[in-house]
Amino acid sequence: MAEKQRYLPVKMMNIYFVLIWVETFALQLGQNLYNANITVYATGLGFSNMFAGCLAIPYLVGAVIARIVGGWIADHRQRREAMILGCGVFTIGSILYCIPALASFPLTMMIARGMHGFGYACGTTAYSAAVVDVIPPKKLAIGLGVNWTAQGVAQTLSGILSVVLVVGSMYEPLFIGATVFLIISVLSAAACNYEGGEPPVPDTASVGRVFSASSLIEKSALPYAIVVFAYYLGIAAITFYAMSLSQSLGFTGGGLFFTVCSVGMVVSNLTLVRVSYRIGCMRTLAIVYVLAALCALNMAFCQNYYLYLLSGLLYGIATGTMPVVQSETVRRLPVNRRAAGTSTLFLAMDLSMGIGPVIWGAILDARGYRVTYLLSTLTISLSVVLLVIVFRSMKRRHINYANE
């Protein structure tokens with residue numbers, strides 16, 4: 001029987017684009033539910049903020065491995081294989097949290113978070129490359145923005161589910177709900193067979209030759225990755241400790257922070273890439289990074305529930321920058337380097353999201369929320385400086401690696 005031919009996109013809203021959107025939504029929902037609640041769950045069991053932050057260490061290890069391995073599989077085998085692997089591993093790690101007899105043990109929590117990191121990183125690397133494949137080139141900017149709206153919708157639902165499914169100290173219903181959606185992500189990935197059984201580009205090199213540092217890390221993405229690392233290092237204080245801040249302030253319905261966040265995220269995902277084409281990538285990112293710094297600064301002095309929700313809105317806008325950076329990077333790359341380029345960017349984000357919770361958790365235990373969020377503000381402000389330096393340097397060099 002003849003192999004199915006690789007799909008060539010004619011219109012943006014095709015079946016494979018929809019399947020990838022569903023996979024993105026389901027995977028991001030699982031990720032958001034755990035990121036928003038894992039530190040509160042750990043401290044509710046009697047562990048310190050420092051230990052809760054240290055749960056990010058195995059997550060980071062798993063994510064780093066997955067960015068490299070997942071990027072290679074997506075570029076040299078199939079995007080679909082990497083998507084299934086990532087979503088599947090995350091699902092298994094989520095199931096471990098659904099077993100009460102295991103979920104409260106530190107070792108189980110660490111192992112499961114490592115699986116979450118591997119699964120999320122592998123899955124997002126693969127679907128981020130796959131969605132570029134199934135979007136007509138002229139629709140790339142809007143297509144990437146629409147795909148990222150899945151994360152905004154996931155944020156909305158994660159905020160609601162965090163309020164509805166967590167009863168007192170009972171988190172099992174929340175973990176079960178996350179697992180159900182993660183299973184949906186596996187099924188969507190399995191159905192996304194647009195590649196026809198073929199790798200992105202016929203691979204004539206041996207595995208030993210292509211599986212090298214130079215092939216796994218895309219050099220043109222490294223300057224952007226530096227900016228992403230600094231930015232998300234500051235953002236990590238908001239991502240992982242917003243819920244615990246609301247508890248410390250006595251707010252009920254703290255999960256609505258992430259529901260409000262989704263409004264800003266959807267708007268930014270749909271508009272920022274196109275805005276960057278008009279006013280430039282650096283200007284667009286600089287404006288949003290300043291808003292992120294204001295978000296962290298507001299949280300440092302916040303005593304009012306509505307100001308807390310305002311930070312959620314600003315945080316949502318702040319998290320909509322990755323499509324801008326991804327578009328700026330990927331549009332310069334050939335098809336068989338798109339996953340490596342995306343992986344390099346996301347690896348920087350993984351490193352900051354892995355190191356960040358440990359740093360901020362330690363500072364939080366020692367100095368409290370105000371100092372933590374003031375230092376977060378300073379870190380995000382530093383990323384603005386790095387942004388200007390990197391983009392001016394890249395402009396002077398006129399780099400376009402797709403044509404090398």
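Tutor: On a 1 Å grid over the protein atoms alone, a cavity is a set of points where a 1.4 Å probe fits but cannot get out. A pocket is an open set, with protein on both sides within 12 Å along at least five of seven lines. Lining residues have an atom within 4 Å of a point. Points join across faces, edges and corners, and volume is the space filled by probe spheres set on them.

The model is predicted: local features need pLDDT of at least 70, side-chain atom pairs count only at pLDDT 80 or more, and totals for chains, interfaces and linings use all residues. Residues are numbered from 1 along each chain as its sequence is written, and side-chain values use heavy atoms, with hydrogens and water left out.

The structure contains 3 cavities of 30 Å³ or more. The largest cavity holds about 350 Å³. Its lining is made of 27 residues. Nearest the centre lie Gln 31, Asn 35, Tyr 120, Gln 151 and Met 353. Helices H1, H3, H6, H7, H11 and H16 each give two or more residues to this lining. Helices here are DSSP runs of H or I, at least four residues long, numbered from the N terminus. H1 gives the largest share, 5 residues.

Nonpolar covers Ala, Val, Leu, Ile, Met, Phe, Trp, Tyr, Cys and Pro; charged covers Asp, Glu, Lys and Arg; the others, Gly among them, are polar.

Now take H7, one of the lining helices. H7 has 25 residues. From first C-alpha to last, H7 reaches 37 Å, close to the 36 Å expected at 1.5 Å a residue. That expected span is 1.5 Å times one less than the number of residues. In H7, 18 of the 25 residues are buried, so the helix is largely enclosed by the rest of the structure. Buried means under 20% relative accessible area, exposed over 50%, and partly exposed in between (1.4 Å probe, protein chains only).

H1 (15-44), H7 (140-164) and H11 (222-248) each supply at least two of its lining residues. H11 gives the largest share, 3 residues. This lining has 6 nonpolar residues, 10 polar and no charged ones.

A salt bridge is a side-chain nitrogen of Lys or Arg within 4 Å of a carboxyl oxygen of Asp or Glu. Three are counted in total: the count comes to 3 salt bridges. Arg 67 and Asp 350 form one, at 2.4 Å from N to O. The partners are 283 residues apart, Arg 67 in H3 (residues 56-76) and Asp 350 in H16 (residues 338-367). Arg 67 is buried at 0% relative accessible area. Asp 350 is buried too, at 3%.

Arg 79 and Asp 133 pair in a salt bridge at 2.8 Å. In another salt bridge, Glu 81 and Arg 77 bring their closest N and O atoms to 2.7 Å. Glu 81 is partly exposed at 28%, and Arg 77 is partly exposed at 42%.

Phe 105 sits in it, between H5 (100-103) and H6. Phe 105 is partly exposed, with 48% relative accessible area. Its C-alpha lies 9.8 Å from that of Leu 45, a residue 60 positions away along the chain.

Last, the cysteines. With a disulfide taken as two cysteine sulfur atoms within 2.5 Å, the count is 0. Cys 87 has its nearest cysteine sulfur, in Cys 122, at 8.3 Å. Cys 302 has its nearest, in Cys 295, at 9.9 Å. Cys 87 is buried at 0% relative accessible area, and Cys 302 is buried at 3%.
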